[in-house]
Amino acid sequence: MLISLLVLFQRAAPAAQQPRASTVVQAVLLGLAITAVFSIFAAGFTAKKIENIHNPTYAKAFIATLLKNLMGMAGFFVFGLFFQAPPIVAFGIAFSVIPITIYKLVFACMWREAALIWLVATLVEGGIFYGLTLAGVLALRPA
């Protein structure tokens, strides 16, 4: 009886317009591009404000961000799947140790400057991710 009532209410409710899969994929890719631009800007701006880094540029920030993302994902899979590390350890290595090392190598700085650049870029990425997720949820909610 309860199931037949649920089916009746489901059929009687007006069908909400669902976004197409291609629209969702395009929105996700646009969000990733926006996040990458802000991450590059945050890393470059932070590196320029640190006095111990010689010749910081946005080109170096672009290279560091690209390498950080690629090597971070590869590190997550290597430590998580190949070495069978616990997920929190694989996540910690892939998204903190590897990016800090990449920033240290690209900007030719000390560990604390690399950690500062990583911290600022991660906070900016988190804020942008939160804002874009909130905008997506609000855009997809029923009217």
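Colleague: To start, how many helices and strands are in the chain?

Modeller: This is a predicted model, and its chain contains 5 helices and 0 strands. Along the sequence, the pattern reads α-α-α-α-α.

Colleague: What percentage of the residues count as buried?

Modeller: The chain has 143 residues, of which 25% count as buried.

Colleague: And of the contacts between residues at least 6 apart in sequence, what share joins residues at least 24 apart?

Modeller: That share is 54%.

Colleague: Let us turn to packing. At what angle do helix 3 and helix 4 pack?

Modeller: Helix 3, residues 58–82, packs against helix 4, residues 87–107, at an angle of about 150°, and their axes are 8 Å apart. Angles over 145 degrees count as roughly antiparallel, so helix 3 is roughly antiparallel to helix 4. Helix 3 passes helix 4 in a right-handed crossing.

Colleague: Which classes of residue make up that contact?

Modeller: The contact of helix 3 with helix 4 has 20 nonpolar residues, together with 4 polar and 2 charged ones.

Colleague: What about helix 2 and helix 5: how do their axes cross?

Modeller: The axes of helix 2 and helix 5 cross at roughly 150° and come within 9 Å. These two helices are therefore roughly antiparallel to each other, and their crossing is right-handed.

Colleague: Which residues meet there?

Modeller: From helix 2, the residues include Gly31, Ile34, Phe38, Ala42 and Ala47. From helix 5, they include Leu116, Ile117, Val124, Glu125 and Leu132. By class, the contact of helix 2 with helix 5 divides into 12 nonpolar residues, 4 polar and 1 charged.

Colleague: Helix 2 also packs with helix 3. What is the angle in that case?

Modeller: Helix 2 and helix 3 pack at about 125°, with their axes 8 Å apart. That angle makes helix 2 oblique to helix 3. The crossing of helix 2 and helix 3 is right-handed.

Colleague: Now the core. Which residues of the largest nonpolar core touch the most other members?

Modeller: This core has 18 residues, and Ile53, Ala64, Tyr103, Phe107 and Ile117 touch the most other members. Helix 2, helix 3, helix 4 and helix 5 each supply at least two residues of the core. Helix 4 gives the most, with 6 residues.

Colleague: Staying with Tyr103, what does it touch?

Modeller: Leaving aside residues up to four places away in sequence, the residues that Tyr103 touches include Ala43, Ala64, Thr65, Lys68, Ile117 and Trp118. Cys109, Ala114 and Ala121 are also among them.

Colleague: One last residue. Is Glu113 buried or exposed?

Modeller: Glu113 lies in helix 5. Its relative accessibility is 6%, and the cut-off for buried is under 20%, so Glu113 counts as buried.

Colleague: What are its contacts?

Modeller: Glu113 touches Ile50, Asn52 and Ile53, with residues up to four places away in sequence not counted.

How values were computed. Residues are numbered from 1 along each chain as its sequence is written. This is a predicted model: local features need pLDDT of at least 70, side-chain atom pairs count only at pLDDT 80 or more; totals for chains, interfaces and linings use all residues. Side-chain values use heavy atoms; hydrogens and water are left out. Axes are lines fitted to C-alpha atoms, for helices over the stretch in contact, and angles run from 0 to 180 degrees between N-to-C directions. Helices (H or I, at least four residues) and strands (E, at least two) are DSSP runs, numbered from the N terminus. Angles under 35 degrees count as roughly parallel, over 145 as roughly antiparallel, 65 to 115 as roughly perpendicular and the rest as oblique. A crossing is left-handed if the near helix is turned anticlockwise from the far one by less than a right angle, and right-handed if clockwise. Ala, Val, Leu, Ile, Met, Phe, Trp, Tyr, Cys and Pro count as nonpolar, Asp, Glu, Lys and Arg as charged, and the others, Gly among them, as polar. A nonpolar core is a set of buried Ala, Val, Leu, Ile, Met, Phe, Trp, Tyr and Cys residues joined through side-chain atoms within 4.5 Å. Buried means under 20% relative accessible area, exposed over 50%, partly exposed in between (1.4 Å probe, protein chains only). Contact means heavy atoms within 4.5 Å.
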